[in-house]
Amino acid sequence: MISTIGAKLKQCTLHIVGNKLREEGVSISKSLQIIEKEHENHLLHYFFSSFKYDELYQLTHESDLTYNEVFGYVTEIFNNPERLHEQAARLAKHLYNQSSHPKIKKGEFYVAYFRNCVVDGACVDAVGLFKSENKDTFLKINPSGETFEIESQQGVNINKLDKGCLIFNTRKFEGYTVAIVDNINKGMEAKYWADDFLHVKLQQNDFSLTQNVLSLFQDFVTQQMPAEQNVSKADQAALLNKGIRTMKRNETMELNQFAREIFGDTEMAQRFDQFKKEFEKKRDVEFEDSFQISDTALKKKAMGTLQTIKLDKNFDIRIHGGEQYIERGYDEVRGMYYYRLFFKEEK
């Protein structure tokens with residue numbers, strides 16, 4: 001569990017990072033920001049309010065963690081907080097070198113040092129990396145005699161953090177505990193923040209383990225099974241919904257027991273186990289034999305497993321359950337497949 005309710009902002013520095021493809025450069029400030037007391041709570045709200053702590057990450061590197069540039073700079077800050085401004089300049093230049101996608105916007109890059117964050121009951125420091133790329137228009141109303149003057153200003157909305165990263169000073173030798181926000185980029189350009197700049201991977205916990213099992217099960221049902229045998233979309237939906245119901249009934253996940261409950265003591269259960277090994281290697285993940293099922297991950301991921309059957313360009317059938325009331329057949333006269341649905345009430 002992570003809490004930043006009592007966190008204190010000790011230092012903050014601000015630089016401007018442009019798009020490298022457009023050669024916009026980096027503007028490095030000459031000193032730390034002086035934060036007035038009246039503005040500190042606004043900054044804390046801006047920095048913290050967009051984070052959710054279910055999905056956590058850790059810094060990583062293919063060869064050795066010490067080659068991860070963010071890890072090196074942040075470790076130096078934790079060891080010597082008075083060197084934050086110096087290391088922040090290096091972080092800004094590192095971010096600029098990764099900002100070569102044409103959709104990446106020039107923006108303010110903040111590096112902040114926090115105390116009194118709580119991770120799993122322990123009080124720890126944290127380094128925050130934040131980037132604002134979008135500006136909102138605000139109206140400012142000023143009294144002028146017996147009337148008012150209206151003027152507009154461009155500024156950062158403190159309720160909309162574009163990009164953020166909190167690195168908590170715990171689990172150092174595993175790459176720290178890291179939380180990430182990216183509310184702007186969703187396509188290939190999104191990779192530059194989490195993959196290219198931070199270079200993180202999911203931290204293994206109940207949330208990520210639950211998500212990985214759901215992904216494993218969904219891939220097996222919707223990709224592997226149809227490739228090996230004729231499994232209709234309706235049958236796929238039935239299996240997916242059965243898997244979700246099974247996980248909702250249990251507090252812990254026992255993978256072997258889960259496979260037997262879904263597929264029975266059949267060859268398909270053995271194929272699922274083999275597919276799991278291939279999945280681990282391909283996705284660079286490792287499953288535990290037993291773990292606590294995360295309700296949050298289940299709710300988040302399960303929404304994507306509800307099957308929509310698309311029939312040519314004419315019809316969509318969305319299956320939420322009740323798979324026993326749908327039948328698939330083939331009409332010899334028309335030379336076409338069909339689905340037959342049974343229901344009690346039309347709404």
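T177 sits in strand β10, which covers residues 177–182. This is a predicted model, so take T177 as a spot to look at on screen: at 3% relative accessibility it counts as buried, because anything under 20% does. Its side chain has a polar partner, the side chain of Q203, at 3.2 Å.

**Around T177**
- Setting aside neighbours within four places in sequence, T177 touches I2, L56, Y57, L166, I167, F168, T170, R171 and Q203.
- Q203 turns up in that contact list, and its side chain is also the one that makes the 3.2 Å polar contact with the T177 side chain.

**Fold and overall shape**
- The protein chain has nine helices and 17 strands, by count.
- Its radius of gyration is 26 Å, whereas a compact globule of 347 residues would have one near 20 Å.
- Along the principal axes, the C-alpha atoms fill a box of roughly 80 × 60 × 40 Å.

**Packing and contacts**
- Buried residues make up 45% of the 347 in the protein chain.
- Take the contacts in the protein chain with a separation of 6 or more: 65% of them link residues 24 or more positions apart.

**Surface and charge**
- The protein chain shows about 20,200 Å² of accessible surface, and carbon and sulfur atoms hold 46% of that.
- On the charge side, there are 47 positive and 52 negative charges in the protein chain.

Technical notes. Residues are numbered from 1 along each chain as its sequence is written. This is a predicted model: local features need pLDDT of at least 70, side-chain atom pairs count only at pLDDT 80 or more; totals for chains, interfaces and linings use all residues. Side-chain values use heavy atoms; hydrogens and water are left out. Helices (H or I, at least four residues) and strands (E, at least two) are DSSP runs, numbered from the N terminus. The radius of gyration is taken over C-alpha atoms; the globule rule is 2.2 Å times the number of residues to the power 0.38. Buried means under 20% relative accessible area, exposed over 50%, partly exposed in between (1.4 Å probe, protein chains only). Contact means heavy atoms within 4.5 Å. Accessible areas come from the Shrake-Rupley method with a 1.4 Å probe; for residues, only the protein chains shown count as cover. Lys and Arg count as positive and Asp and Glu as negative; His and the chain ends are not counted. The place of a charge is taken as NZ of Lys, CZ of Arg, CG of Asp or CD of Glu. A polar contact is a pair of N or O atoms within 3.5 Å; within protein, one must be able to donate a hydrogen and the other to accept it, and residues adjacent in sequence count only if both atoms are side-chain atoms.
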